[in-house]
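Here are my notes for someone opening this one for the first time. Have a look at the fold, then read the points in order.

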Amino acid sequence: MPVVEDTFSQIKKFFKLPFDVKKPTINDPKKGQQRGWSPPGEEKTWWLECNTGDVESPQFGDNKESFDCGDPNDKHFPNQWPAEFALPGYQKTMDQFYYDCGQLCVDLLDIMAKQMQVDPKLFSSRCTNEASTIRINHFPPVSRDILESGQVSRIWPHNDFGIISLVFPDRTGGLEYEDRQNPGTFIPMPYNGDDEVVVIVSETMQRWTNGLVRAGLHRVTKPVDMVGDRVPERWSLVYFCKADRHVNVGPLEEFVSREEEPVYEDLTALEYQSMRNAVHYPEPTAAPVAVAG
C-alpha cells in the first residue's frame, strides 16, 4: 500500500531529526489530548491496566517515543508539526494517511453494525473522525535485561480508548493480544505482509454495546523468536478511530434490554478521552476540557 509505505518512510525520518528540531513539537500532557512528540519514557501505559493501587509514585515507563496528530482542520487541539524545511512533505503525508484511514474506519463500522443486525449507520453516524488521531511509535533498541526487569516495557497491556484502532505493524515482532480463554496470557500477532491491517476493538465500542463487544487488551514486548541480548528497533503506525467529542459514549439503547441495566455511565467522548489520557501521564494535569458539539 503506497500511502502506508510513504508514511512509514516519513515517520522514520521524523524520529531521526535533531532534538532542537523536534523540541517545538513536544506534547503537553496538561492539554488532555495528545499532539506532537512525546519523548522516550514520557508515557506510562502501565498505569492504565496494570496498577493494582499499591504504587504511589510514577514509574514503570514505556521504552518508546511517539508522535500524535489529528484532524488537519482541528481548531480545538491543533496539530504540531516540525518546520517544513526540516522534513519536507511530512505534514502532507500524514494528512493523506489520516483521511484514507478515516474512510476505511467508516466502512468497517458500517460492516460491524450490519453484522450486529442494527442500523448500519449506528456507529459511523457518531464518528465523523473529527476527534480521531494518528499515533506513530518508535521503539529504540534496548537491552533484553531491561525489558525483563519488570520496570520497563515497550507498551504495557492496555486497551485503546476509541471505537476501533487500525494498526500497521512493523516487520519486527512484539505486538501481542490477550487470550480471552486464558486471561493474562498473550499471543503474538504474526506479521503476514505489508498489506495487512490489524483491527483492534477499543473501549468506546465496548461501552456502546454495554459490554457485548469487548475491547482487545494488547501489549508490545520483545519479539517471541528473538535471540541475543539486544531487542531490535521497532516502529508502528496506528490510527485511533474515535467518536465525535460531543457524542455520548454510554451504552446505546439498541444494546440495553429491559431486563438489564446500563453497565457504563453517560459521558461525552471528550470527557472520557481526557479522563483516560490523564491516567497514563501520572502527574497533575489541567481540568477537563469542554467543547460544544
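1. Buried means under 20% relative accessible area, exposed over 50%, and partly exposed in between, with a 1.4 Å probe and protein chains only. In total, 7 of the 7 residues of E3 are buried.

2. A word on the source: this is a predicted model, where local features need pLDDT of at least 70, side-chain atom pairs count only at pLDDT 80 or more, and totals for chains, interfaces and linings use all residues. Residues are numbered from 1 along each chain as its sequence is written, and side-chain values use heavy atoms, with hydrogens and water left out.

3. Which strands flank E3? It sits in an open antiparallel sheet of 6 strands, ordered E1-E2-E3-E12-E6-E9. Two strands pair if DSSP finds at least two bridges between them. E3 and E12 share 7 bridges, with Thr 133 partnered by Phe 240 and Arg 135 opposite Val 238. On the E2 side there are 6 bridges, and Ser 66 has Asn 137 as its partner.

4. E5 and E10 are joined by 2 bridges, and His 158 stands opposite His 218.

5. How many aromatic pairs are there? The count is 13, where rings of Phe, Tyr and Trp (its six-membered ring) pair if their centres lie within 6.5 Å; planes under 30 degrees apart are stacked, over 60 edge-to-face, and the rest tilted. Phe 123 and Phe 255 have ring centres 6.3 Å apart and planes at 10°, so they count as stacked. Phe 123 is in the loop between H4 and E3 and Phe 255 in the loop between E12 and H7, so the pair ties together parts that are 132 residues apart in sequence. Both Phe 123 and Phe 255 are buried.

6. Salt bridges come to 10, each being a side-chain nitrogen of Lys or Arg within 4 Å of a carboxyl oxygen of Asp or Glu. Lys 22 and Glu 65 form one, with the closest N and O atoms 3.7 Å apart. Lys 22 lies in helix H2 and Glu 65 in strand E2, so parts 43 residues apart in sequence are tied together. Both Lys 22 and Glu 65 are buried.

7. Finally, look at Arg 35 and Asp 74, whose side chains meet at 3.1 Å, N to O. Arg 35 is buried at 6% relative accessibility, and Asp 74 is buried at 8%. Arg 245 joins Arg 35 and Asp 74 in a network of salt bridges.

Note on methods. Helix = DSSP H or I, 4+ residues; strand = E, 2+ residues; numbered from the N terminus.
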